[in-house]
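Colleague: I have a model open and would like to learn how to read it. Where do we start?

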Amino acid sequence: MRRIALIAALAVLSATPAFAQSFEGNWGCRDATTNKSGILTIYGSVYGFASTTANDGSSGTGTITGYQDGVGFNDGGLKTAKNIQAGRIVADPNYGVAIQLETSDAIVMLCTPRG
């Protein structure tokens, strides 16, 4: 019985870092009207956002802080131009996971993985 408990505990601990890193990669983002709004790329502690709108101040790079359920935006275009504070990992019926970009008041974009 102790072996089973030990194996289960080790399995849970080994899965935790993988879940925490599930926000890394390229994400196609859509706004509240489901129009394409840009591409979000996250690697390590940095992000880049390319807006579909020319000369949009939210395009550019910035830094993030990773959390177990997503990321916090520290600076850069998404923080200053769109006031986006967090990106939360949420379940998505089509892609498995998505990142929900939020201000302090609302959800403003949903980003799904790009192949």
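**Reading the salt bridges**

Modeller: The structure holds 3 salt bridges. Keep in mind that this is a predicted model.

Colleague: What is the general idea behind such pairs?

Modeller: Side chains of opposite charge can pair when their charged atoms come close. Take Lys82 and Asp56: their side chains meet in a salt bridge, 3.8 Å from N to O. Lys82 lies in helix 2 (residues 77-82) and Asp56 in the loop between strand 3 and strand 4, so this pair ties together parts that are 26 residues apart in sequence.

Colleague: Is Lys82 buried or partly exposed?

Modeller: Lys82 counts as partly exposed, because its relative accessibility is 36%.

Colleague: Which residues are linked in a network of salt bridges?

Modeller: Asp69, Arg88 and Glu102. Start with Arg88 and Asp69, whose side chains meet at 3.8 Å, N to O. Arg88 sits in strand 6 (residues 86-92) and Asp69 in the loop between strand 4 and strand 5 (70-73), so parts 19 residues apart in sequence are tied together. Arg88 is partly exposed at 35% relative accessibility. Asp69 is partly exposed too, at 37%.

Now the other link. The side chains of Glu102 and Arg88 form a salt bridge of 3.0 Å, N to O. Glu102 is in strand 7 and Arg88 in strand 6, 14 residues apart.

Colleague: Why does Glu102 count as buried?

Modeller: Its relative accessibility is 13%, and buried means under 20%. Leaving aside neighbours within four places in sequence, Glu102 is in contact with Asn83, Ile84, Gln85, Ala86, Arg88 and Ile107.

**Reading the disulfide**

Colleague: Which residues form a disulfide?

Modeller: Look for two cysteine sulfur atoms within 2.5 Å. The count here is 1 disulfide. Cys29 and Cys111 form the link, with their sulfur atoms 2.0 Å apart. Cys29 lies in strand 1 (residues 25-31) and Cys111 in strand 8 (residues 107-113), so the pair ties together parts 82 residues apart in sequence. The link is right-handed, with 105 degrees about the S-S bond.

Colleague: Are these cysteines buried or exposed?

Modeller: Cys29 is buried at 2% relative accessibility. Cys111 is buried at 0%.

**Reading the barrel**

Colleague: In what order do the strands close into a barrel?

Modeller: Follow the pairing from strand to strand. Here 8 strands close into a barrel in the order 1-2-3-4-5-6-7-8, with antiparallel pairing. Neighbouring strands of this sheet are turned by 35 degrees against each other on average, direction ignored.

Colleague: How many bridges join strand 3 to strand 4?

Modeller: 4 bridges join strand 3 (residues 46-51) to strand 4 (residues 60-67), and the two run antiparallel. Val46 has Thr63 as its bridge partner in strand 4.

Definitions and conventions: Residues are numbered from 1 along each chain as its sequence is written. This is a predicted model: local features need pLDDT of at least 70, side-chain atom pairs count only at pLDDT 80 or more; totals for chains, interfaces and linings use all residues. Side-chain values use heavy atoms; hydrogens and water are left out. Buried means under 20% relative accessible area, exposed over 50%, partly exposed in between (1.4 Å probe, protein chains only). Two strands pair if DSSP finds at least two bridges between them. Axes are lines fitted to C-alpha atoms, for helices over the stretch in contact, and angles run from 0 to 180 degrees between N-to-C directions. Contact means heavy atoms within 4.5 Å. A salt bridge is a side-chain nitrogen of Lys or Arg within 4 Å of a carboxyl oxygen of Asp or Glu.
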